[in-house]
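Hi,

Here is the structure I promised to send over. Have a look at it first, and then read on for what turned up.

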Amino acid sequence: MDDSVFTKIIKGEIPGEMIYQDEACVVLLTIEPFTPGHCLVVPRKQVDHLWDTDDELYQHLMSVAKKVANAMRKAYDYPRIGQIVEGFGVPHAHIHLFGLLQPIE
């Protein structure tokens with residue numbers, strides 16, 4: 001499999017804005033945000049589908065997503081944070097996190 005755009009960012013081959021990183025994953029601001037702060041939780045290891053990650057990595061990604069989502073709620077005063085795993089654009093597992101501007105009624 002060729003390196004994805006995320007792998008190239010992680011390797012420093014192309015620019016990207018990393019707001020968090022650890023030994024297993026990074027969090028990148030997306031270049032096409034739905035709302036301010038829209039970011040992606042991405043495993044360092046390129047895996048095509050989130051569902052193909054091992055349980056330990058999957059749980060770690062979700063744990064990081066929760067921490068980042070809580071930080072986004074505080075930083076942007078969002079009433080809710082959305083999470084999407086769609087798997088269409090990039091052949092590298094990733095979780096979208098974005099703020100919802102209006103409260104759900």
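How many residues line the largest pocket, and which of them lie nearest its centre? The lining is made up of 19 residues, and those nearest the centre are F6, T30, I31, E32 and L40. Before you go further, please keep in mind that this is a predicted model.

A bit more on that pocket. Its volume comes out at about 340 Å³. Sorted by class, the residues around the largest pocket are 10 nonpolar, 6 polar and 3 charged. Two elements, helix 1 (5-10) and strand 2 (25-29), each give at least two residues to the lining. Helix 1 has the largest share, with 3 residues.

Strand 2 also has a partner. Strand 1, which covers residues 18-21, pairs with strand 2 in the antiparallel sense, over 3 bridges. The two strands make a hairpin, and 3 residues sit between them.

Now for the charged side chains. Searching the whole structure gave 1 salt bridge. It joins the side chains of K11 and D3, at 2.7 Å from N to O.

Cheers

Note on methods. Residues numbered from 1 in each chain as written. Predicted model: local features only at pLDDT ≥ 70, side-chain atom pairs only at ≥ 80, totals over all residues. Heavy atoms only, no water. Salt bridge = Lys/Arg side-chain N within 4 Å of Asp/Glu carboxyl O. 1 Å grid on protein atoms, 1.4 Å probe; cavity = no way out; pocket = protein on both sides within 12 Å on 5 of 7 lines; lining within 4 Å. Points joined across faces, edges and corners; volume = space filled by probe spheres on them. Helix = DSSP H or I, 4+ residues; strand = E, 2+ residues; numbered from the N terminus. Nonpolar A, V, L, I, M, F, W, Y, C, P; charged D, E, K, R; others polar. Pairing = 2+ DSSP bridges.
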